[in-house]
Amino acid sequence: MSSPESDIMEEYVETVKERKVEEKLKDVNLDKWLPITSSRTAKWYYSAFHNVTAMVGAGVLGLPFAMSQLGWGPGVVVIVSSFGITLYTLWQMVEMHEMVPGKRFDRYHELGQHAFGDKLGLWIIVPQQLIVDVSTDIVYMVTGGQSLKKFHDLVCNGHCKDIRLTYFIMIFGSVHFLLAQMPNFNSISGVSAAAAVMSICYSMVAFFASVLKGHPVGAAAVDYGLRATSTAGQVFGVLNALGAVAFAFAGHNVVLEIQATIPSTPEQPSKKPMWRGVVVAYTIVALCYFTVAFGGYYAFGSSVNPNVLITLDKPRWLIAAANLMVVIHVIGSYQVYAMPVYDMMETVLVKKLKFAPGLPLRITARSAYVALTMFTGMTFPFFDGLLGFFGGFAFAPTTYFIPCIIWLMLRKPARYSATWFINWVFIVIGVLLTLLTPIGGLRQIILDAKTFKFYS
């Protein structure tokens with residue numbers, strides 16, 4: 001005969017098992033609703049244009065300005081080195097997506113939790129990823145508004161009433177209240193593909209228009225000296241430029257989330273089509289970044305604007321079209337970076353605050369996010385300073401050295417081996433970027449703020 005105590009214990013164990021099964025079923029059902037895991041039917045070329053859309057954006061237009069703060073030699077070294085480092089760390093993340101048999105790390109913080117522990121992993125990754133995704137969307141609000149205004153001014157050619165930048169940011173932001181309701185990554189694949197094509201187009205326009213406009217016969221020689229004249233200005237300019245370059249190469253925050261949309265089996269793991277898409281994407285990134293950065297600086301030298309398209313005025317119709325291409329591109333880029341934020345918000349609202357998953361929750365939460373980024377962009381439209389500040393503060397860790405740290409912890413390469421040395425060199429570079437570059441960006445924001453009028 002069993003005792004009453006043993007019967008009670010058996011009932012308790014059964015109850016715990018049932019609750020665990022119920023919780024697991026709830027998690028499975030929630031995963032089918034959340035934007036990152038609700039659809040796993042993506043093709044390799046989805047990875048290509050999602051990565052192009054995430055990488056090539058506001059950052060590429062600021063690279064000639066970064067070159068003007070670094071000069072030819074250091075500028076070329078920094079941009080080419082960043083290309084190589086970020087391609088390597090992106091490869092690491094693709095490889096680690098399914099490093100545990102039978103498990104997929106669908107989100108950056110899930111990989112971080114596996115490496116650092118459940119609580120510490122969340123605290124290390126989630127704040128950084130949120131800063132990256134939200135700040136990028138704020139910068140894209142500003143970029144979209146600026147490009148719309150430039151398009152308006154070029155088309156009107158002085159015959160229309162001047163409209164504040166604030167209103168153009170509002171016009172750009174209004175599109176996202178609708179697009180934000182798209183349920184997952186695969187549902188925005190058409191928008192992302194159009195954005196990727198536009199990025200190539202406006203990059204080529206910026207390159208060819210810059211080269212053709214530069215060095216006209218009879219004009220003064222282009223000045224390739226450092227932009228700032230004082231020693232302090234040059235130092236802060238270098239720091240800001242490094243942050244802008246870090247911003248330009250920071251697409252890693254959505255890599256695992258993009259890979260999560262690709263189907264995977266033991267025979268055909270997702271890393272194969274994902275890497276194929278990444279190689280195509282980085283080829284396009286090289287084409288866009290190197291041509292715009294070096295061509296824009298070659299044409300204008302130290303006089304180039306923070307956004308190279310703003311520097312160009314002729315041919316009027318072509319530059320107007322290029323600015324419209326930028327608008328279309330950053331519409332797609334905004335949604336790519338917003339998708340992980342939607343995923344986090346909806347997870348917390350359903351799991352922690354016990355809201356019922358559904359369309360009303362999605363509309364409310366995502367519309368609130370769009371409104372927040374739009375209002376912040378309207379209030380602080382300091383394009384060049386924002387690139388430098390956020391590029392160093394948050395983009396450098398998640399792109400340049402956190403993947404290397406996780407790789408060393410999980411893959412454990414032999415000490416003093418080539419892989420071990422490479423990862424430690426990249427960690428040191430990334431930490432230095434994180435510590436130093438926000439200083440230059442913050443200084444640029446302060447300088448811009450001196451002459452700026454809110455909502456002008």
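I started with the lining of the largest cavity: its residues split into eight nonpolar, two polar and no charged. For that I counted Ala, Val, Leu, Ile, Met, Phe, Trp, Tyr, Cys and Pro as nonpolar, Asp, Glu, Lys and Arg as charged, and the others, Gly among them, as polar.

Note on the source: this is a predicted model, where local features need pLDDT of at least 70 and side-chain atom pairs pLDDT 80 or more, while totals for chains, interfaces and linings use all residues. Residues are numbered from 1 along each chain as its sequence is written, and side-chain values use heavy atoms, without hydrogens and water.

Which residues line the largest cavity? I found Ala54, Met55, Gly59, Thr136, Tyr140, Phe247, Ala248, Ala250, Tyr337 and Phe395. Helix 2 (44-55), helix 7 (118-156) and helix 10 (231-248) each give two or more residues to this lining. A cavity here is a set of points on a 1 Å grid over the protein atoms alone where a 1.4 Å probe fits but cannot get out, and lining residues have an atom within 4 Å of a point. The volume, about 50 Å³, is the space filled by probe spheres set on points joined across faces, edges and corners.

Next I looked up helix 4 (residues 63-70), and eight of its eight residues are buried (under 20% relative accessible area, 1.4 Å probe, protein chains only). Gly71 follows helix 4 and has a positive phi, near 90°.

Last, the whole chain: I noted 17 helices and zero strands (DSSP runs, H or I of at least four residues for helices, E of at least two for strands, numbered from the N terminus). Of its 456 residues, 54% count as buried.

Conventions: Buried means under 20% relative accessible area, exposed over 50%, partly exposed in between (1.4 Å probe, protein chains only). On a 1 Å grid over the protein atoms alone, a cavity is a set of points where a 1.4 Å probe fits but cannot get out, and a pocket is an open set with protein on both sides within 12 Å along at least five of seven lines; lining residues have an atom within 4 Å of a point.
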